[in-house]
Amino acid sequence: MFVGPFVIGLIIFVYVPIVWSLYLSLFEAYNTVTPTTFVGFGNYADMLADPAFRQSLVTFLVFAAVIVPVTFVLSLTVALLVARTTFMQAFFRSVFFLPTACSYVVASLIWKMSIFSGIRSGLANAVLGWFGIDSIPWLSITEPPWYWLVIVTARLWLQIGFYMILFLAGIQRISPNLYEAAAIDGAQGWKVFRYITFPQLRATSTAVLLLLMINAFQAFDEFYNILSTFGTYPPYARPPLVYLYYTALGSGQDFGHGSAGAVILTLIIAIVALTQGRLLRLGRRDD
Amino acid sequence: MEQNVFRSQLNRRSLFALGGAAAVTGALAACGGNTGRETATNGGATGGGGKVTLNQWYHQYGEQGTQQAVERYAAAYPNATVKVSWKPGDYDQSTAASLLTDAGPDVFEYGNGPTIDMIKGGQVVDLTDAFGDTKSDFNDSVLKRVTYQDKIWAIPQVIDMQLLVYRTSMLDKAGVKPPETVDDLIAASKKLTTGDVKGLFVGNDGGAGLLGGPMLWSAGFDYLTDDNEFGFDDPRAATALGKLRELWQSKSILLGAPKDWFDASALTSGLTAMQFTGLWTFPDIKKGLGDDFGVMAWPKLDASGKDSVPVGAYGSCVSAKSQHVDEAKAFAKWLWVDQTSFQLDFATAYGFHIPSRTSLIPKAATLKAGQAAEAAKLATEVGHAQSPLLWTPKSNTAFGDMMSRIVKDGADPMTEITKLKPIVDAELKRVQA
């Protein structure tokens, strides 16, 4: 009875739209959510044959291949440092966690307009100026692809703190006895990490990896806000959701293809998540 | 400074849940409680004094006083009670979504009129009758943009335009004359570049998003032919588009300005000598530069090409789902065809725009003299609708991708055009089926 309102909300706002989306994906649905022209799997075939959609999947893979390991290593490192420090620990924890509270949109605009603007007064170019280097239009040029630097640093800044907290929680659950035993045996530094801390963080690491992967799949905000100009988005660094946004929503209102793309994406995420869970044995206790 | 149709497609930041994203839009619109519509209207009930109640939607204009102005116009209408809804945020999308339900507006504005899919889907009604003999008085290119199969689907409210603006003193100092061809322009841009001051600013993407149309027009082509077929499968068009790559490689264009081309600050703060921007920036340019600026169209490719400027307009449309279609049509006609004093007020008293009826231009005090008068003349004489009605969002996305590859990556323009054509052809076939 107490979960009633929640379940109703879940059904109306989650399950009905998902089922409806599946339904739409089988129809030609321009500017309508009650379509009449059944096209079977035609929309799916169109999306899979669309080079721009396939390119967006490749973009995602490139992005995930960079952001997942880098965030993992950096947040674990920060967590270890913060856990060890006895000096102003609360302060450091808060400082690293604070960016998590910042909106992706706001951070993106700061990155785009203040730090990585193309003119001399942008922070990055001002620094380059001290060394006599010409201004770089970070977000305009594709050779070299500096825009990745902007996008990746924005996301790192935003999310490292959150994963640091997850790792910290994991680290604090490790029994001090283990470390004492190790110290008695003469283990220290890297060896302690390699044989005690890291294995003990197995469940946390698995969860973090899974979350990172799904987060990367859902990449939208910083890409959209950093790279879109005036209703257009360049054909590079365009992750699947951004592409679908332009197909299905935007002024396109092509719900058939948009839903088919969303279903394909959902399936990919599900498969990746299940495979990853199987490989890393998600749900096992830290032991 | 947000009152212009060119910005209407922007500023969409949005977050939607994975999967079911499309459906959520519809579901939310259907569930939305505050639709701006009085409950009574849904039942077709009438307001006080036996008058019907009409709901009219506008996007949120940036200029002070605009909202009060449209409310004043609405209150002055004698034959119905008109309720104005001022919609902040993602106007295009929320309006498009609301048209799927019966909680939408009766009369609403939409950038460059309704989309072809709205017309084909029967979501908007034919407004041809509203024009009567005033049809020839409306800006040609804009009217053509809202016409499909000889029927007019929106009444243009007010015209916005883009054009090339330059700092006269900087050109004089460098001994550069306002360029007459695209090659002149590239040469001028190089000559005007000194250190951190660049010659030309055409957007942070090097004109990939902004100048596809103007480059086609400069060579005498258009997106589509008059018969609605692919319009630029031609080596000469490839040459024209390739000029943007040449400009990109000249290292003389400004890239990465904090505020993009729609804002005058790159020009007024001295980052560039010339800028392709909107008419709406004129008050800012005047404030920053006084009279030290000149205007011109985007130049022709060569002697056999043509000058051009893009024009766009919010068009007033009537929803087919309205309970009072006839009354809504009558109101739209009254305001945007008959009430010339309101049209003039709306175009000139708050922001900087051109009335869509040509006969009103001489009456607009803001457009009487100087650079603004020249701009208004360009809009009438060499104005092109940003893109044709049948140029669908999918065609536009593919075109934008192509422009980016040509300009930024140096892709071969002719190969790219050949790749684009089947996508556009398929869309043309779809919407004309």
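The structure is a predicted model, in which local features require pLDDT of at least 70 and side-chain atom pairs count only at pLDDT 80 or more, whereas totals for chains, interfaces and linings use all residues. Residues are numbered from 1 along each chain as its sequence is written, and chains are lettered from A in the order in which they are written.

The secondary structure of chain B comprises 18 helices and 12 strands, taken as DSSP runs numbered from the N terminus (helices: H or I, at least four residues; strands: E, at least two). Of its 433 residues, 54% are buried, a residue being buried if 20 or more other C-beta atoms, placed from the backbone, lie within 10 Å of its own, exposed if 12 or fewer do, and partly exposed in between. Two residues are in contact if their C-beta atoms, placed from the backbone, lie within 7 Å; among contacts in chain B between residues at least 6 apart in sequence, 75% join residues at least 24 apart.

An automatic or database domain assignment divides chain B into domain 1 (5-10 + 25-160 + 311-376) and domain 2 (162-306 + 389-432). The centres of the two domains, taken over C-alpha atoms, are separated by 30 Å, and 14 residues of domain 1 are in contact with 15 residues of domain 2. On the domain 1 side, the elements giving two or more residues are α5 (116-120) and α16 (370-382) of chain B, of which α16(B) gives the most, with four residues.

Beyond residues up to four places away in sequence, Ala332(B) touches Val107(B), Leu127(B), Ala130(B), Ile155(B), Ser316(B) and Val318(B).

In chain A, Ile119(A) is found in the loop between α5 (104-115) and α6 (123-130), and counts as partly exposed because it has 19 C-beta neighbours inside 10 Å. Apart from neighbours within four places in sequence, Ile119(A) is in contact with Asn125(A) and Ser135(A), and also with Gly256(B), Ala257(B), Pro258(B) and Leu271(B).
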